[in-house]
Structures are given as structure tokens and as C-alpha cells.
Amino acid sequence: MFVFHVGIPNFIKSPDDQTGIYGGVASFICQATGDPKPLITWKKEGKKVNSQRFEVKEFDDKSGSVLRIQPLKTNRDEAIYECTASNSVGAIAAPAKLIVLEDDQIPAGFPNIDMGPQLKVVVRTNTATMLCAASGNPDPEIFWFKDMLPVDISSSNGRIKQLWSGILFPPSSIVYLILLVGKKDLFLFLFF
């Protein structure tokens with residue numbers, strides 16, 4: 001007797017609405033489960049995304065992807081984007097709105113990166129510490145990306161730690177990312 005497990009796709013993480021600045025970057029994250037594993041696709045205003053400024057990076061475990069748009073252009077990129085997760089059982093979709101602001105439209109309190117991480121050369125098996133300081137009102141959240149994908153600290157087996165500090169001039173969010181460097185750690189961290 002054979003037992004088949006099938007399941008329609010279900011979102012683990014659906015893309016969030018975003019507001020970005022002209023010339024900046026937007027990264028939409030979409031992740032889903034299902035059996036068979038769903039395929040993630042992206043659309044802009046109902047049409048499949050295809051441009052040199054749009055880059056889709058799939059998660060290593062194929063459970064999702066990141067849609068990255070760079071550089072942001074006001075008239076061309078302001079739109080509704082949609083993540084679709086589909087398999088042979090069914091499909092689900094989640095929309096996210098992107099708003100792009102010109103410099104003269106940036107409101108008071110809009111998040112600003114005051115200090116980004118610096119390029120570091122670290123000997124393997126040593127520790128690297130990266131700092132990111134951001135301000136805004138309310139205090140902004142800081143997200144870390146490695147090779148365009150979100151850093152999952154919980155699955156790093158203790159190799160990556162994130163520490164929050166409030167010791168510098170509030171209202172500033174200071175985040176330290178501490179990494180025990182190994183063989184596969186040649187990468188660039190980006191933050192948004």
C-alpha cells in the first residue's frame with residue numbers, strides 16, 4: 001500500500017508592502033510549503049517580472065525566493081507585485097505594493113542607515129563582527145542579507161549571533177552581527 005502526502009501551497013512568509021527611495025533597493029521575500037514543493041514566481045501588475053533591474057534569487061532549499069529591484073525608479077517601479085506559489089495540487093498568490101519616493105518626498109522620521117557594515121578580511125575560524133546603525137521614528141528594524149537572501153540566525157548552529165545595543169544616541173537602532181568564519185563564508189552582507 002502506498003501513501004501519498006499532498007498539500008496545497010501555504011505561505012510561510014508572504015511579501016510585505018514597502019516604501020523605498022529613488023535610486024535605492026527593494027527586496028520582497030516570499031516563502032511557501034506544500035507537497036509537492038511549490039514553485040515560486042513573481043509578477044508585476046499581472047505580468048511576469050523580466051528586467052535587468054529585477055533579480056530573483058531562490059532559497060537554497062527551494063522553499064522561496066527574494067525579488068530584488070535595483071535601482072528603484074519612481075514611475076517604472078511603483079506597482080503591485082505578486083508572489084505566486086504553485087504545485088500540482090493548487091496555487092496561492094500574495095500581493096505587495098511598492099511606493100518609491102523622490103528625495104523631496106521623504107517624510108521626517110523615515111529610516112536612515114547611519115553606519116553600514118564595513119568590508120572585513122578575517123582569518124578562517126576567527127570571529128567577524130559587523131555593525132549597522134539606523135535611525136528613524138519609530139525605530140527601524142534591521143534585516144541582514146547574505147548573497148541577496150535573508151540571514152536565518154536560528155539555523156546557523158550558533159555561528160551567527162545578532163546583538164542589539166541601545167548605548168549610542170537614541171533614537172538609533174544598533175545591530176551587531178557576529179559570525180564565526182568558516183570555509184563557505186566568502187560573501188557580502190547587505191541590510192535594509
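Predicted model: local features only at pLDDT ≥ 70, side-chain atom pairs only at ≥ 80, totals over all residues.

Reply: Happy to. Let's begin with strands: a strand is a DSSP run of E with at least two residues, and strands are numbered from the N terminus.

Me: Why is Asn87 called buried?

Reply: Buried means under 20% relative accessible area. Asn87 has 16% relative accessibility, so Asn87 counts as buried.

Me: Which residues does Asn87 touch, if I skip those up to four places away in sequence?

Reply: Asn87 touches Gly7, Ile8, Pro9, Gly34, Asp35, Pro36, Lys37 and Pro38. With two of these there are polar contacts: the side chain of Asn87 reaches the backbone oxygen of Pro36 at 2.7 Å, and a polar atom of that side chain lies 3.0 Å from the backbone oxygen of Gly7.

Me: Now for Ser63. Where is Ser63, and what makes Ser63 buried or exposed?

Reply: Ser63 sits in the loop between β6 (54-58) and β7 (64-69). Its relative accessibility is 8%, and the limit for buried is under 20%, so Ser63 counts as buried.

Me: Which residues are in contact with Ser63, leaving aside neighbours within four places in sequence?

Reply: They are Gln31, Ala32, Lys37 and Ile40. Ile40 in turn is in contact with residues including Cys30, Gly64, Cys83 and Ala85.

Me: What makes Ile40 part of a nonpolar core?

Reply: Ile40 is one of the residues with the most contacts inside the largest core, which has 18 residues. The elements giving two or more residues to this core are β3 (26-35), β4 (39-44), β7, β8 (79-86) and β9 (91-101). A second, separate core of seven residues includes Met130, Cys132, Ile142 and Ile160.

Me: Why is the pair Arg53 and Asp77 called a salt bridge?

Reply: The rule asks for a side-chain nitrogen of Lys or Arg within 4 Å of a carboxyl oxygen of Asp or Glu. Arg53 and Asp77 meet at 2.7 Å, N to O, so the pair passes. This pair links distant parts of the chain: Arg53 is in the loop between β5 (47-48) and β6, while Asp77 is in helix α1 (residues 74-77), 24 residues apart. At 12% relative accessibility Arg53 counts as buried, and so does Asp77 at 0%.

Me: How many salt bridges are there by this rule?

Reply: The count comes to three. Lys13 and Asp16 meet at 2.8 Å, N to O, and Lys62 and Glu58 at 3.2 Å.

Me: Why is Lys62 called partly exposed?

Reply: Partly exposed lies between buried, under 20%, and exposed, over 50%. Lys62 has 49%, so Lys62 counts as partly exposed. Glu58 at 37% is partly exposed too.

Notes:
Residues numbered from 1 in each chain as written. Heavy atoms only, no water. Helix = DSSP H or I, 4+ residues; strand = E, 2+ residues; numbered from the N terminus. Buried < 20%, exposed > 50% of the residue type's maximum accessible area, 1.4 Å probe, protein only. Contact = heavy atoms within 4.5 Å. Core = buried A, V, L, I, M, F, W, Y, C linked by side-chain atoms within 4.5 Å. Polar contact = N/O pair within 3.5 Å; in protein donor to acceptor, adjacent residues only side chain to side chain.
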